[in-house]
Amino acid sequence: AIHSILPRKNIFFRKDTKTKVISANLDHIFFILSGQPKFSPLLLFSVLTRAIDQNIPISIILNKKDLRKEFLITKKMLLSLFPSCSGNLESHNKKLSLFKKLFSSEPIENSNKTEDGTKEIKKKIKEICGEKNCNDKAICFVGQSGSGKSSLIKKIIPDKNQRIGKI
């Protein structure tokens with residue numbers, strides 16, 4: 001049941017031949033990228049541009065860390081898109097780089113097959129929510145088909161019944 005209609009603070013959309021609204025009133029976007037399927041820099045820049053335009057903070061999750069070769073290639077590609085990272089995504093004491101100006105945090109490395117990344121993702125969600133529970137926050141997970149969005153949601157919210165497909 002609809003209880004009230006809130007004014008829109010932002011609109012997150014995708015544009016192909018026509019504009020399709022994905023969500024409104026977002027507090028944060030997690031962009032999921034992985035090496036399998038190979039991630040699209042064009043999609044990353046498209047999502048980043050819309051998030052910045054709508055003033056929506058965005059974080060990157062480098063997913064499928066268990067696929068070591070593909071993961072390292074993806075990480076290298078990401079670094080090449082943001083050369084001011086100096087090849088060290090783990091450096092938290094670096095002055096504001098281009099990456100840190102565009103994204104709300106360093107990329108979170110995750111594997112849906114292990115516990116790698118779970119603590120960091122939950123910590124980031126807690127940071128977004130503040131001291132209260134997350135019922136009044138809207139968080140969106142965006143990424144290519146097969147990047148691991150449903151598996152990730154199932155991992156961080158185990159009682160959520162997500163449908164997970166094969167690639």
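Begin with the open sheet of four strands, ordered β5-β4-β3-β6 and paired in parallel. Helices (H or I, at least four residues) and strands (E, at least two) are DSSP runs numbered from the N terminus, and two strands pair if DSSP finds at least two bridges between them. This is a predicted model, in which local features need pLDDT of at least 70 and side-chain atom pairs count only at pLDDT 80 or more, while totals for chains, interfaces and linings use all residues. Residues are numbered from 1 along each chain as its sequence is written, and side-chain values use heavy atoms, with hydrogens and water left out.

Select the edge strands, β5 (108–109) and β6, each of which pairs on one side only. β5 runs parallel to β4 and is joined to it by two bridges; at this pairing, Leu-62 stands opposite Glu-109 of β5.

α1 lies across β3, β4 and β6, and runs at about 175° to β3. α2 lies across β3, β4 and β5, at about 150° to β4. Axes here are lines fitted to C-alpha atoms, for helices over the stretch in contact, and angles run from 0 to 180 degrees between N-to-C directions; contact means heavy atoms within 4.5 Å.

Now show side chains. Which residues have the most contacts inside the largest nonpolar core? They are Ile-29, Phe-31, Leu-44, Ile-58, Ile-60 and Phe-103, in a core of 21 residues. The elements giving two or more residues to this core are β3 (28–34), α1 (41–53), β4 (58–63), α2 (68–81) and β6 (139–143), with α1 giving the most, four residues. Another core, of 12 residues, lies apart from this one and includes Phe-30, Ile-61, Ile-125 and Cys-129. A nonpolar core is a set of buried Ala, Val, Leu, Ile, Met, Phe, Trp, Tyr and Cys residues joined through side-chain atoms within 4.5 Å; buried means under 20% relative accessible area, exposed over 50% and partly exposed in between (1.4 Å probe, protein chains only).

Center on Ile-60. Not counting residues up to four places away in sequence, Ile-60 touches Phe-31, Leu-33, Leu-44, Leu-78, Phe-99, Phe-103, Glu-106, Pro-107 and Ile-108.

Move to the loops. Most residues other than glycine have a negative phi, and most peptide bonds are trans. In the loop between β3 and α1, select Pro-37; the peptide bond from Gln-36 to Pro-37 is cis, with omega near 0°. In the loop between α1 and β4 is Asn-55, not a glycine, yet with a positive phi of about 60°. Lys-64, in the loop between β4 and α2, also has a positive phi, near 65°. Is each of these two buried or exposed? Asn-55 is exposed, at 68% relative accessible area, whereas Lys-64 counts as buried, at 14%.

Then select helices α4 (residues 118–129) and α5 (residues 149–156), whose axes come within 11 Å and cross at roughly 80°. Thr-118, Ile-121, Lys-122 and Ile-125 of α4 make the contact with Leu-152, Lys-155 and Ile-156 of α5.

Finish at β1 (residues 11–15) and β2 (residues 19–24), antiparallel strands joined by five bridges. They form a hairpin with three residues between them, and Phe-12 has Ser-23 of β2 as its bridge partner.
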